[in-house]
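Please open the model in your viewer and keep the selection tool at hand. The tour moves from the whole chain to a sheet, then to the cores and some aromatic pairs.

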Amino acid sequence: MTHIFYMGLEPYEERYTLQLEGWNATRFEERKVPYTLVHGGHLNDDKEIKTGQVLDAHGRTYWSLTQVANLVKLMEAGKVTGNDVIFFEDLFTPGYEALPYIFNQLPKEKRPKVFTRCLAQSIDPDDFVFPWRDWMRPFEELVDRTVDGILMANTEMGWHMRVGMLNKAPLYVTGLPFDKNEVRQRVGSLKPLNQRRKRIVYSSRFDEEKQPWFYMDMIERYHNEHSSEPMEDRFEFTILTGAKTLRSTNQEYIDRARNLQAQGKLTIHEGLKKSEYYEILSDSRLQFNCARQDWQSNTLNEASALGTPSLCPAFRSFPEALNNSARHLYSPWSLDDCMDKFYHLMNMDSDPEVSYAADDQHKSIDRTIDILLGIGEMYRYHG
């Protein structure tokens, strides 16, 4: 029977990687699929992002290099056979080049299949690695030419991959790994939407590609329109982050957010544990997203699982992620349209579409397993 060697991402409290391995392991066990979790090493015990934006630059590379080294040990010991599958949760895994080097010196029947997930990479002009494409693209091409398949969150990414000349490996659309049950179990019973605090949460990173300035434009527009009302009667705008302090690739964004905070127009919750983040999210009326780049937003999935509607730009992957729901999509980057949709969603007593993203993305790991087991051709991208 096929054995899956799972090459997961290192866990961070402020990122969904904290839960990712557990979500996968739960589904492997439910489906009785033999698996091995291959871990890397940690540089320290704090599990914080200190250098870089998405994952810590030193921690990510150290984890990946030692993770691949541990995989090579298993391969050399004969624990990985030609009937097995190696699955990388991220296309950029330093040390990956060891695999084709080894495989080309083995008989074909002894080579396991290899799949990887592409989360963004240099095919996305808004991804943080895009400026490094001169050297990153050759690495991506190496992976593209040596894996048995690349998994993507949605169909929109497919043509970016092909335009980027990553055209050798088959592409598959799975969604983003997610477990709605695990998320819901972290909070108590969910309040009906009309009994929640009139609070809006922003839970994306505060970096340029997430366009937090647009959220702050929205905050200022709202308070200008309601300047005659006491502050306690107005909607509550918040930023939620697991980082110890709010950080950004642009210091002007931080300065503007702190100024709004000082005026009482914005609340910033920092250093949140997952349970604390979910408690606030599950007692809010709206989750707001203004990113240029979110191939499938995990913050959208979390909000959906906790019954909190999202408002997102009708851009790139968001229409697909929200099933083309006009109620939850605004014209990018029209503040007028955004405010119209915002007021409508904030005054809804219930949202019959709120669970769509969580329900759909909950199937992502099963789709992934089907592909790894060779029974997922229906998810293949043909663009």
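Two residues are said to be in contact when they have heavy atoms within 4.5 Å of each other. In this predicted model, among the contacts between residues at least 6 apart in sequence, 74% join residues that are at least 24 apart.

The C-alpha atoms fill a box of roughly 75 × 40 × 40 Å along the principal axes. The chain has a radius of gyration of 21 Å, which agrees with the value near 21 Å that a compact globule of 383 residues would have. If you now colour by burial, 55% of the 383 residues count as buried.

Next, select the strands β7 to β12, where 6 strands form an open sheet with parallel pairing, in the order β9-β8-β7-β10-β11-β12. The strands β9 (267–269) and β12 (329–330) stand at the edges, and because each has a single partner strand, one side of each is left without a neighbour in the sheet. Within this sheet, zoom in on β10 (residues 286–288) and β11 (residues 310–313), which pair in the parallel sense over 2 bridges, and find Phe288, which stands opposite Leu311 in β11.

Now turn to the largest nonpolar core, which has 33 residues, and select Leu71, Ile86, Phe88, Leu99 and Met161, the members that touch the most others. Among the elements that give two or more residues to this core are β1 (4–7), α2 (57–76) and β3 (85–88). Which residues does Leu71 touch, if those up to four places away in sequence are not counted? They are Phe5, Met7, Val38, Val80, Ile86, Phe88 and Leu99. Apart from this core lies another, of 31 residues, including Phe206, Ile239, Cys290 and Met348.

Finally, show the aromatic side chains, among which the count comes to 29 pairs. Select Phe235 and Phe342, whose ring centres are 5.8 Å apart and whose planes stand at 80°, so the pair is edge-to-face. Phe235 lies in the loop between α7 (212–225) and β8 (236–240) and Phe342 in helix α12 (residues 335–346), so the pair ties together parts that are 107 residues apart in sequence. Phe235 and Phe342 are both buried.

Phe288 in strand β10 and Tyr330 in strand β12 are 42 residues apart, and their pair links distant parts of the chain; both residues are buried.

Key:
Residues are numbered from 1 along each chain as its sequence is written. This is a predicted model: local features need pLDDT of at least 70, side-chain atom pairs count only at pLDDT 80 or more; totals for chains, interfaces and linings use all residues. Side-chain values use heavy atoms; hydrogens and water are left out. Two strands pair if DSSP finds at least two bridges between them. Helices (H or I, at least four residues) and strands (E, at least two) are DSSP runs, numbered from the N terminus. A nonpolar core is a set of buried Ala, Val, Leu, Ile, Met, Phe, Trp, Tyr and Cys residues joined through side-chain atoms within 4.5 Å. Buried means under 20% relative accessible area, exposed over 50%, partly exposed in between (1.4 Å probe, protein chains only). The radius of gyration is taken over C-alpha atoms; the globule rule is 2.2 Å times the number of residues to the power 0.38. Rings of Phe, Tyr and Trp (its six-membered ring) pair if their centres lie within 6.5 Å; planes under 30 degrees apart count as stacked, over 60 as edge-to-face and the rest as tilted.
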